[in-house]
Amino acid sequence: MEYKVSDEIKKTYLSLSAQDDVQKALQFAEEDEKNDIDQLIEMTLIEAPTFHEHKRAQYMAARFTELGLENVTIDKNLVVYGTRKGTGGGPTVVVDGHMDTVFPEGTVKEVKREGDYLYAPGVGDDTAALAMELGMLRALNAAGVRTKGDLIFTATPREEGIGMLGGMRDFMNDHHEEVDCLVAIDGGRMNGITYQATGMRTVEVTFRGRDGHAAGMFGKISNSLNAAARAVAKIAELRVPEDPWTIFCVSNFHAGNDAGIHAIAGTTVIKYNIRSNSEEELARLDDEIARCIQEACDEEQARWGKDAISWERKYLATAPAGSGDINGNLCQAMYHLCEQYDTEPAFGNGGCTNASYGIAHGIPSICIGRQFVPRGMNIGSTAHQLNENMYIKDYYKCVQMGMLIALMMTGTPETPSAL
Ligand SMILES: [Zn+2]
């Protein structure tokens, strides 16, 4: 199906890119690329495992302050943010990168450069977004670009793993009423556009029965491990729709120990992860799993005629599901921008990104990438791997595109907002 970009969006882009100050900013961004890369390398060496982002937060706050943002804050949740004030009367736009990486402290020894690639754990995800934010600010400042709406730059903690978008969740809890648009930068390719929120639940289930000797208590008690295994077998048979995209995975199973190698396990713990682009589907699946677990416990009790196995569920992490408007002005603007830069625009199917918490609050939100991949070229993803790389050729175009999408949304005194 042909994707339509409205004349209004095209006009906004034309008007904006014809502005003298914007042209100057674009030019500056191109010439400033070496500084982006140097800063990216510097930041990569400031390690920031999820829940341990303090050093990077200090660094970002200092840079935001140097670059003239107002009210630079490291808040109680370790979210770093500051505002580049607009002239007034335009939408407030948040540009975000997350500070945390998936690697434990001590993983990053150096950043290697080979050809058009940098190599280091975390060099792309999502350190390159932070470098883009700083590059955008330098360019906007150097050219004296004024916006109508405020631009809020954020550097958020706890995006990855069990952090589960926690920094942006907290920021949006506190600030969603002030925010009109969110552009999160956290994808591989600049031209990959995430406009949906894949909901996610990571759940721990504890089955509790009685401990007992394998032989001495045989036939006298139920076994929590049996109940959990029955539950997992039932869960494995569940069916989920392809659309809305939904998945489930039992990812952990712990029971017994070597000391009790000849014992009936009193406690068994399983963990599962479920995801869906629909909140209803996610809830339905979670209910189905609960039904499987209850049936499994009932069957285990019926088998032995003894002891109920009880179970409890603990949510380790959750993220909301939802969808932005693929035909909305923000998506259209980003699509158009990709075409102008001759990089193939591609809307992703779902995504668990910081944009999810904008979408959850009904705010036009997308997540875009941080590597410039021209039409016809393909690069694989190495995010979350020790050999993570970052394609840095024409990185300045990422800075330019990040700046342009933000300006199209805030508007300028000469060019009205396209939001
Ligand atoms: Zn990321």
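Contact means heavy atoms within 4.5 Å. Keep that in mind for the whole tour.

**Before you start**

This is a predicted model, in which local features need pLDDT of at least 70, side-chain atom pairs count only at pLDDT 80 or more, and totals for chains, interfaces and linings use all residues. Residues are numbered from 1 along each chain as its sequence is written, and side-chain values use heavy atoms, with hydrogens and water left out.

**Stop 1: the whole chain**

Show the protein chain as a cartoon. It has eleven helices and 19 strands. Helices (H or I, at least four residues) and strands (E, at least two) are DSSP runs, numbered from the N terminus. Along the principal axes, the C-alpha atoms fill a box of roughly 85 × 45 × 40 Å.

How many of the contacts between residues at least 6 apart in sequence join residues at least 24 apart? The share is 82%. Of the 419 residues in the protein chain, 55% are buried. Buried means under 20% relative accessible area, exposed means over 50%, and partly exposed is in between (1.4 Å probe, protein chains only).

**Stop 2**

Two packed helices are described by the angle between their axes and the distance between the axes. Axes are lines fitted to C-alpha atoms, for helices over the stretch in contact, and angles run from 0 to 180 degrees between N-to-C directions.

Select residues 7-18 for α1 and residues 20-31 for α2. Their axes come within 5 Å and cross at roughly 75°. The two helices are therefore roughly perpendicular to each other. Here are the cut-offs: under 35 degrees is roughly parallel, over 145 roughly antiparallel, 65 to 115 roughly perpendicular, and the rest oblique.

Now show side chains. Leu 16, Ser 17 and Ala 18 of α1 meet Asp 20, Val 22 and Gln 23 of α2. By class, this contact of α1 with α2 has three nonpolar, two polar and one charged residue. Ala, Val, Leu, Ile, Met, Phe, Trp, Tyr, Cys and Pro count as nonpolar; Asp, Glu, Lys and Arg count as charged; the others, Gly among them, count as polar.

**Stop 3: α1 and α9**

The crossing of α1 and α9 is right-handed. A crossing is left-handed if the near helix is turned anticlockwise from the far one by less than a right angle, and right-handed if clockwise.

Which residues meet here? From α1 come Glu 8, Ile 9, Lys 10 and Tyr 13; from α9 come Asn 329, Gln 332, Ala 333, His 336, Leu 337 and Gln 340. The contact of α1 with α9 has four nonpolar, four polar and two charged residues.

**Stop 4: α4 and α5**

Select α4, residues 54-66, and α5, residues 127-143. Their axes are 11 Å apart, at an angle of about 15°. That makes α4 roughly parallel to α5. The crossing of α4 and α5 is left-handed. On the α4 side, look for Arg 56, Tyr 59, Met 60, Arg 63 and Phe 64; on the α5 side, for Thr 127, Leu 130, Glu 133, Leu 134 and Leu 137. The contact of α4 with α5 divides into six nonpolar, one polar and three charged residues.

Stay on α5. Is it mostly covered or mostly uncovered? It is mostly covered, with 15 of its 17 residues buried. Just after α5, Gly 144 takes a positive phi of about 60°.

**Stop 5: Arg 56**

Zoom in on Arg 56 in helix α4. Arg 56 is buried, with a relative accessible area of 1%. Leaving aside neighbours within four places in sequence, its contacts include Met 43, Thr 44, Met 99 and Thr 127. Arg 56 and Thr 44 are twelve residues apart in sequence and 9.3 Å apart in space, C-alpha to C-alpha.

**Stop 6**

Most residues other than glycine have a negative phi, and most peptide bonds are trans. Asp 126 is found in the loop between β5 (117-119) and α5.
- Select Asp 243 and Pro 244. A cis peptide bond joins Asp 243 and Pro 244, with omega about 0°. Pro 244 lies in the loop between α7 (224-236) and β12 (246-255).
- Select Leu 165. Leu 165 is not a glycine, yet has a positive phi of about 65°. Look for Leu 165 in the loop between β6 (151-156) and α6 (166-175). Leu 165 counts as buried, at 1% relative accessibility.
- Select Asp 342. Phi of Asp 342 is near 55°, a positive value in a residue other than glycine. Asp 342 sits in the loop between α9 and β17 (346-347). At 43% relative accessibility, Asp 342 counts as partly exposed.
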